[in-house]
Amino acid sequence: MPDPGETYVAYVRARQSALLRSAALITGDPHRAQDLLQDALIKLAARWERVSQGSPDAFVRRVMYRDNISQWRRHGREVLVGDVAEGARPVGATSPVDPSARVTGLDVRRALLELTDKQRTVLVLRYYDDLSETQIAQTLGVSNGTVKSQAHAGLRRLRQLLPQAAEALVGTEETT
Amino acid sequence: MSDEEIRDLLDLAAEDMEFGRPIEAEDTWAAGRRSRTTSRAWGTGFLAAAAAAVVGIVWTQGLGGSGEVPLPPAAESGPVPTDNGPAGTDPTGPDDPLASASGPLEETDGVSDFTHSPTEGEAEEPTGTIGIPDEVGTPTVLVMSEGEWAPSGELTPLTAEEAVDRRWMLVETDGDTPRVDSPESDYGLTFDDSGVHVRSCGVDVTVTGAVQDGTFSTTGRVETVEDPDPGVDCPVPVTPDEWAQILTSKPRLSTDGEILLIAGTAGDASPEPAGLALLPDGVDDPRGGPTTVVTAEDLSAGLTEVPGEVASQEVGVSDSRDPQPDHATTLTMEGGFVTVDVGCAEPLRGPAWFSHVGPESFNWQLTAALPDEPGCEGAAAEDAELWQQMLAHGTFLHHFGDYVVVDSWADPALNGSGS
């Protein structure tokens, strides 16, 4: 039987980058995402024997999202959606965007922060983590219909915020 | 094609983010395993005690003194500006962060067992706080007073400056009038530059850490003096282990200037989101609608619980709890006390604070200390414990049209048919 410590370490090394980037997209704050992931991995270690038999990724995601909400409940919204790197400013406060301009990662991150928390979470889980609608619903504790409606609303809002990418954001709603 | 392009956009957003040093898997493994050990040492036989600690903790035995000071009612808050999204509701609306990514964290793939599973043979000595999850434990609130002052109103986060050079005593809240013993010379809870110290008969606990923005965060070990009062037979309503766990749960510290509320967690339970919906008395044809803030006037007018099924389906409370589908619990807040009637012999009643707790206008929270012995059994007792926990944690209240949405956290074991 493999040593649980070794399998855990292997799992963390293999998955931390993807989980971290996903959390950072959702929180908008890489440092907060790192804290969330670290806490989640500590909790995972405490339950590794049982959780490793199922889906460690699902466990970690759920702990992070729960802790994220928990932190908000304790300290207010400002810790849920943190500062975006590079001193980004809200998209809505800027001049009209040139539709021909190239979309940057910073543009996308700014736009994501303009979405509601649930819209942003659903889009990241759906299109970055490639979770199914049912998996997202289970992770967030909401109905499949809510996942669908949040994705629809999130994509619609992104189209407004990222006219450069509007074409890419058309038509995907039907597949959510 | 479109899906792929969206993926490309998100990949683009993620690829140039800068992070700190990679997380060392060996470190998180060690921390997680230590937390199992620590939890086990602190958790044994703790759940029942934790329930007792929620409210009505009597600090009187062993303290001596006769100058008991009754605590007048706390003032209630005023009206609150409107909000733009329902709390704890599923509907697509809004931007309310409470409605975001919340809801019950249901069992999935067998990975949602958040309770620790101790291993035989592990050490029993608490070794510190690293790895103890923030939200493990039964929501617990302790009411403290310096004794000379009465509650004066709305709570605000305790600051480091407010914390030092003061000494708070535990308040007994079970009776009709909360009472606090006059302070002994070296008894009570005190903060200093290094952390917090609790001393009472049979209790001598020091937790290193700091108060910041209304939260106490540990930075080191918990030091407990074994049998600090040898030969003295004094009941200990809050044991050293209980104090240690509450104070290391990153408790929220709030004060109205005179009273200190310590809202933390204790025990091994893993609280999860808990919600329900209420209606003002006299509303016969309730409708959902715009979200507005709940005011003290709403609370004093009285609210009645709607069935969990209605809360889920018509109000959109995603984490609805209703241990008693056939009973409509009522809630009223008057004169600084909240009364919750879950159908026990006597309604639950305790001191309560309705306070603005965050930077946003809609962050209003009702916190109360309800008695731990509801005087009933079965589903009603479960309902009572649910309310104890929700109000101990501090519950957010929002209007959703006619409805009032209650959004909080509680032990998932308190899980009625409405969930």
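## Helix 2 of chain A

Helix 2 of chain A covers residues 30-46, 17 residues in total, and spans 25 Å between its first and last C-alpha, close to the 24 Å expected at 1.5 Å a residue. Of these 17 residues, 14 are buried, which leaves the helix mostly covered. The model described here is predicted.

## Helix 8 of chain A

Helix 8 of chain A (residues 144-161) has 18 residues. From first C-alpha to last it reaches 26 Å, close to the 26 Å expected at 1.5 Å a residue.

The buried residues in helix 8 of chain A are Thr146(A), Val147(A), Ser149(A), Gln150(A), Ala151(A), Ala153(A), Gly154(A), Leu155(A), Leu158(A) and Leu161(A). The buried residues of this helix pack against three helices of chain A: helix 5 (105-114), helix 6 (117-128) and helix 7 (133-140). An α-helix has 3.6 residues a turn, so residues three or four places apart point the same way.

## Packing around helix 7 of chain A

Two packed helices are described by the angle between their axes and the distance between the axes. For helix 7 and helix 8 of chain A, the axes come within 8 Å and cross at roughly 105 degrees. Angles of 65 to 115 degrees count as roughly perpendicular, and helix 7 and helix 8 of chain A are therefore roughly perpendicular to each other. On the helix 7 side, the contact is made by Glu133(A), Thr134(A), Ile136(A) and Ala137(A); on the helix 8 side, by Asn144(A), Val147(A) and Lys148(A). Val147(A) is also among the buried residues of helix 8 of chain A.

Helix 6 and helix 7 of chain A pack at an angle of about 135 degrees, their axes 10 Å apart. The two helices are therefore oblique to each other, and helix 6 of chain A passes helix 7 of chain A in a right-handed crossing. Helix 6 contributes Thr121(A), Val122(A), Leu125(A) and Arg126(A) to the contact, and helix 7 contributes Ile136(A), Thr139(A) and Leu140(A).

## Strand 12 of chain B

Strand 12 of chain B (residues 272-280) is largely enclosed by the rest of the structure, because eight of its nine residues are buried. The strand pairs with strand 20 of chain B (residues 403-410) in the antiparallel sense over seven bridges. Three bridges join strand 12 to strand 14 of chain B (residues 303-305), and these two strands also run antiparallel.

Leu278(B) takes part in both pairings: opposite it stand Val404(B) in strand 20 of chain B and Glu305(B) in strand 14 of chain B.

Conventions:
Residues are numbered from 1 along each chain as its sequence is written. Chains are lettered from A and ligands numbered from 1 in the order in which they are written. This is a predicted model: local features need pLDDT of at least 70, side-chain atom pairs count only at pLDDT 80 or more; totals for chains, interfaces and linings use all residues. A residue is buried if 20 or more other C-beta atoms lie within 10 Å of its own, exposed if 12 or fewer, and partly exposed in between; C-beta atoms are placed from the backbone. Helices (H or I, at least four residues) and strands (E, at least two) are DSSP runs, numbered from the N terminus. Two strands pair if DSSP finds at least two bridges between them. The expected span of a helix is 1.5 Å times one less than its number of residues. Two residues are in contact if their C-beta atoms, placed from the backbone, lie within 7 Å. Axes are lines fitted to C-alpha atoms, for helices over the stretch in contact, and angles run from 0 to 180 degrees between N-to-C directions. Angles under 35 degrees count as roughly parallel, over 145 as roughly antiparallel, 65 to 115 as roughly perpendicular and the rest as oblique. A crossing is left-handed if the near helix is turned anticlockwise from the far one by less than a right angle, and right-handed if clockwise.
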